[in-house]
Amino acid sequence: MKEPELLLGDEAVAIGAIHAGISGAYGYPGTPSTEILEYIIPKAKDLGVHSFWATNEKVAYELAVGMSFVGKKSIVTMKHVGLNVAMDPFMSSSLTGVAGGLLAIIADDPGMHSSQNEQDTRALAKFALLPCFEPSDHQEAYDMARASLRLSEELRLPIVMRLVTRLAHSRGAIRTQPADPQNSRVTKLDRRAFTTLPVNARKQFSDLIVLQSRLQEMSVKSPFNKLDLSATDKKRGIIVSGIAYNYVREAFGGNIPHKFLKINQYPIPEAHIKELVAAVDEVVVVEEGYPVIEESLRGMFGVSGKTIRGKLDGTFSRTGEMTPNIVAEGLGIHIEKPQWPAFDDLPGRPPALCKGCPHADAFNALNDALSEYQQHNVFGDIGCYTLGYYEPFKAIDACLEMGASIGMAVGASQAGAFPVVGVLGDSTFTHSGLTGLITAVNEKANVNILILDNDTTGMTGGQLSASVGEALVKLVLGTGIDERHVRVLNPMPKNREENAKVLKEEIEYTGPSVIIFQRPCIQI
Amino acid sequence: MKLDLILSGVGGQGILSIAFLVDTAALRRNLFVKQAEVHGMSQRGGSVYSHLRVSPQPVMSDLIPEGRGDMILSLEPLEVGRYLSYLDKNGVIISNSVPFANIPNYPSEESIYRSLFRLGKVVLVDAKAIAMKAGAPLAQNVAMLGAAIPYLPFEQSDFTRTIEEMFARKGERIVKANLQALEFGSRVGFFYKGLLDAGILAQNVFHVVRSLDPASIDISQVSPFANRLKERGEGLLTAAIGENLSCSVTSLASIM
């Protein structure tokens, strides 16, 4: 007998997708979504599935769309902010629809464990008018991956699955079902539907609007949405979604003693909501993330004669992650916490660059070079090197999102700031820094762009990076930048002085420079 | 049998490996398990933790509610301080005594130990010494799991097969060293518990056990050892510790 195995929520989704018969699985690494493809990629060849890390989320999404347009099933994975990068194909694909099933698996990070915001993908699914699945546990993650890919083919529409950190990175056991085969044939392109000329898009958009009532019906009939009116209490009802369901059950010790609605499939099943609200005086909405359900229920004027509680009336916080204690407290259940004597002295322990990290040597040289100037304008980016913000470096003064360092540096330079530096890694550069660099070169902007090439995508655990080493240098030269101002350095403690000198030279040069620091991540 | 275990440490110390060992032991006993862990940014030398929940019934919340934890098992002494709100009033703390001081304002060892000994049921063991003795300096995590065995609903044998499988690809020597670390850790843990149960002051137990060679601890000798300690040595020991005379502590402990 095979022993049961504990799987991450991410892995449960991956297995569900494989068992649904996908032919392609694409994505860009991002916590907490990374482990979905980490699970699939090593097995891809044996499974006959195409799976790899794309250059960015937009490309990943387009790969999945292409596969699906010709009739094969595919998934695309990314973190919540990755969907912002893929927003363009995402929005358009809701109009074109698909042929083979397409599931976009988006992992949100409430509490910002490893992210710059806590945007809620359910709101973006609604924006695109697409169905969204939100599993509560590992079994649902597996089941919903399969069900949503079937539904996608049935509706010829992309489907969204929203995960959150606590499910993506929690381990649990699942029961699997026999796998479905991959779609065998490549189908003819539906050129009218798939070409987003206005003449087609208008028709597709009105079809999508018409489809909404069917999506509503499906949500109401969905086995994943459960309305339970069996409790006798008429005072309070509970609406709960996703992972919050586990916390609500925990708070009540298993059985919920109120009438409740558990939502795992969107659009929000309105008929269920109406039935529940009619049966009780007060409704408590417990959802992880934005008050998506609560807002639609409350509207601008509330529900006459009923009390709605949730994030908008302060029962729960608008920010941060739900926890079992927060949920219990909001439901009026007290959990006794012993008051252990606190430690005398408990300093924080933020993440830090590893000992021997090449980024540290790059930052030391940079700080040395900048020490002679009044201004310190260093525009950082997303990656391990964002940690250069902290002591002892304090090297980073701004960080917005993936690839932003170069564009911001050009803008600041045009405002008159000097010297101006942008810092980003190899994978972030190919993700979305390259376009900014072309702008910098065309504008002859007086900026110094440091590309920290450590040969990998470090922060997410060392995924293949799209362009490193010599190829990266050629890519930079391909922008038309003056090759005398493309400098390649080796970030080592012994080279600190020499590297600072080179940086200083490039700072003094008026025009765009790219300084590439090449040394592999010590973790690979 | 329910176990709500908080594992803590610093990114890179190997808490996920011991989580895996406990998970597997529980699954092999047909128990239900959920385990929440931290990936991403914090893994780079920051504070990391894992919530591990074992139960005969399906586990509901992936996170342990504050105030419900049965044990904090920490690979680093300072990190214990971050998770106290999770510990039940009858909870136990098992911690490595060896600091991982990768921050500039790391407090003194004495101040950390003082804070720890104010907490009630605390087992503080030198996992580094145990791992070194076992021949694998990196096996501090497995040594700590060993030290926790007296307070866990599992036995040493629940972990051995998984350790063999886990380290197989690193070669026979590493497998053996990790099994040894588990064994020595377990001996230290049982001896420690024996002395605590005999009513020896927690600080004294820590200093005495730390002075012993983990490889030569004989658990059957814990009662007579405790008696000798109570009859003759404890007053002296307390005085010596009070004056921070570590050499006296060591020599006192060795003549017990």
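This is a predicted model: local features need pLDDT of at least 70, side-chain atom pairs count only at pLDDT 80 or more; totals for chains, interfaces and linings use all residues.
Two residues count as being in contact when their C-beta atoms, placed from the backbone, lie within 7 Å.

**Where chain A meets chain B**
- On the chain A side, 42 residues are in contact with 44 residues of chain B.
- Four elements of chain A each give two or more residues to this side: helix H9 (165-168), strand E8 (170-172), helix H12 (244-251) and helix H15 (324-330).
- H12(A) makes the largest contribution, with four residues.

**Strand pairing across the chains**
- E8(A) is also joined to a strand of the other chain: two bridges link it to strand E2 (residues 32-37) of chain B, and the two run antiparallel.
- If you want a spot to look at, find A:Arg171, which sits opposite B:Gln35 in E2(B).

**Helix H16 of chain A**
- H16 (residues 358-370) of chain A is 13 residues long and spans 19 Å from its first C-alpha to its last, close to the 18 Å expected at 1.5 Å a residue.
- Ten of those 13 residues are buried, so H16(A) is largely enclosed by the rest of the structure.
- Among the buried ones are A:Pro358, A:His359, A:Asp361, A:Phe363, A:Leu366 and A:Leu370.
- What do the buried residues of H16(A) pack against? Their partners are strand E16 (420-425), strand E17 (448-453), helix H20 (496-508) and strand E19 (513-518) of chain A.

Conventions
Residues are numbered from 1 along each chain as its sequence is written. Chains are lettered from A and ligands numbered from 1 in the order in which they are written. Two strands pair if DSSP finds at least two bridges between them. The expected span of a helix is 1.5 Å times one less than its number of residues. A residue is buried if 20 or more other C-beta atoms lie within 10 Å of its own, exposed if 12 or fewer, and partly exposed in between; C-beta atoms are placed from the backbone.
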